[in-house]
Amino acid sequence: MLRLALAGARAIVDMSYSRHFLDFQGSAIPCAMQKLVVTRLSPNFREAVTLRWDCPVPLPGDGDLLVRNRFVGVNASDINYSAGRYDPSVKIPFDAGFEGVGEVVALGLSASATFTVGQAVAYMTPGSFAEYTVVPASTAIPVPAVKPEYLTLLVSGTTAYISLKELGELSEGRKVLVTAAAGGTGQFAVQLAKKAECHVIGTCSSDEKSAFLKSLGCDRPINYNGEHVGAVLKQEYPRGVDVVYESVGGAMFDLAVDALATKGRLIVIGFVSGYQTPTGLSPVKAVTLPAKLLKKSASVQGFFLNHYLSKYRAAMDHLLKMYASGELVCKVDLGDLSAEGRFTGLESVFRAVDYMYMRKNTGKIVVELPHSVHSKL
């Protein structure tokens with residue numbers, strides 16, 4: 001028998017006797033919901049993913065929360081996930097999406113010791129591209145309100161914070177190059193490097209993004225559609241840069257390696273330029289890489305957030321405090337400037353992924369999920 005703690009008198013409901021249970025406002029949580037499901041392994045998100053309209057709403061276990069999603073985050077790696085690259089043994093179909101922010105609408109009995117129905121939470125759990133997601137209470141993060149800004153921290157913010165703290169060795173006066181600096185995670189790398197009193201250079205694709213980077217304190221934005229990144233780095237930073245926060249790959253990776261100073265460090269947090277290819281890779285000059293690193297006593301190190309989960313909660317706590325105190329800008333892009341307007345509803349996730357790969361976004365791409373017309377949630 002599955003038991004769920006609900007609001008009000010915190011009644012315990014035996015779900016074996018009812019197809020519905022009541023939320024804290026007295027409206028029924030529906031039996032069915034929409035969600036995005038990977039039905040074919042492919043880096044082409046539109047080919048890989050299907051919007052299903054009549055999926056059962058999942059039931060939380062004893063230590064789980066059922067979250068009604070209000071905002072979900074779009075990541076460049078969503079297409080790696082849909083291609084099955086993170087787990088070659090994965091079998092279709094499986095749910096898409098990594099992160100969400102919403103309200104607890106039901107929870108298991110054990111979970112009710114620390115959470116309540118109606119509470120705002122953020123989470124990083126597979127299956128967020130859905131109207132409802134079951135989230136382990138042990139990994140859910142209480143937030144003051146259901147706001148998209150909190151979603152920017154879950155993957156993008158923590159990736160920047162933990163990688164730079166653990167691998168960056170930032171200190172006053174260091175020169176830090178951030179590629180894709182106006183994107184979801186780049187915006188945080190820029191700000192955190194400035195907090196460490198570093199000199200920050202940021203690459204981007206438009207003058208509007210350059211202006212955004214300046215507003216964050218970036219010392220030298222480079223719009224690569226107007227200036228050649230390699231030429232700027234060679235002319236203005238002849239002694240090289242000390243740290244590179246690199247997410248683009250391909251030719252940008254090669255430029256970054258060439259720009260490293262003696263004992264410089266290049267942190268690879270992605271290589272988005274290759275994700276849409278069949279292999280997921282973009283060519284780099286690997287043959288000459290060992291010699292270049294040796295010549296400079298330089299290093300290249302990868303960072304994958306899942307390998308640093310022991311640091312995750314402390315990183316989130318720190319970033320939430322920074323945001324609450326006004327020390328951190330969490331730029332959200334809800335697609336208001338896109339051709340078809342704001343990203344609203346699960347069907348717009350497809351547009352949001354396209355928007356990202358057209359390099360249109362400034363900040364973190366977020367999709368808003370509207371209130372259901374069938375309930376007061």
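**Helix H4**

I began with helix H4 (residues 186-195), which is mostly covered, with eight of its 10 residues buried. Buried here means under 20% relative accessible area, exposed means over 50%, and partly exposed is in between (1.4 Å probe, protein chains only). Helices (H or I, at least four residues) and strands (E, at least two) are DSSP runs, numbered from the N terminus. The buried residues of H4 are Gly186, Gln187, Phe188, Ala189, Val190, Gln191, Leu192 and Ala193.

I noted the basis of the values before going on. This is a predicted model, in which local features need pLDDT of at least 70 and side-chain atom pairs count only at pLDDT 80 or more, while totals for chains, interfaces and linings use all residues. Residues are numbered from 1 along each chain as its sequence is written, and side-chain values use heavy atoms, with hydrogens and water left out.

**Backbone**

Glu197 sits in the loop between H4 and strand S12 (199-204).

I found a positive phi also at Glu169, about 50 degrees, although Glu169 is not a glycine. Glu169 belongs to the loop between helix H3 (148-168) and strand S11 (175-178). Glu169 is exposed, at a relative accessible area of 53%.

I looked up the peptide bond between Ile92 and Pro93: it is cis, with omega about 0 degrees. Pro93 is in the loop between helix H2 (78-82) and strand S6 (94-95).

**Domains**

I took the domain bounds from an automatic or database domain assignment. They divide the protein chain into domain 1 (30-146 + 331-368) and domain 2 (156-307). The C-alpha centres of domain 1 and domain 2 are 28 Å apart. Counting contact as heavy atoms within 4.5 Å, I get 17 residues from domain 1 and 18 residues from domain 2.

The two domains bury about 1,300 Å² between them, and carbon and sulfur atoms give 55% of that. Buried area is the accessible area (1.4 Å probe) that two parts lose on being put together, summed over both. Arg85, Tyr357 and Arg359 supply 33% of the area that domain 1 buries against domain 2, more than any other three residues.

I counted zero salt bridges between domain 1 and domain 2. The definition asks for a side-chain nitrogen of Lys or Arg within 4 Å of a carboxyl oxygen of Asp or Glu.

**Salt bridges**

I searched the whole structure and found 14 salt bridges. One of them joins the side chains of Asp354 and Arg46 (2.8 Å, N to O). Asp354 lies in helix H10 (residues 349-357) and Arg46 in helix H1 (residues 45-48), so the pair ties together parts 308 residues apart in sequence. Asp354 is partly exposed at 30% relative accessible area, and Arg46 is partly exposed at 46%.

I then looked at Glu103 and Arg70, whose side chains meet in a salt bridge (2.9 Å, N to O). Glu103 is in strand S7 (residues 99-108) and Arg70 in strand S5 (residues 64-73), 33 residues apart. Arg70 counts as buried, at 6% relative accessibility.

My last pair was Arg220 and Glu236, a salt bridge with its closest N and O atoms 2.8 Å apart. This pair links strand S13 (residues 220-223), which holds Arg220, to helix H6 (residues 229-236), which holds Glu236. Arg220 is buried, with a relative accessible area of 15%, whereas Glu236 is partly exposed at 38%. Arg220, Glu227 and Glu236 are linked in a network of salt bridges.
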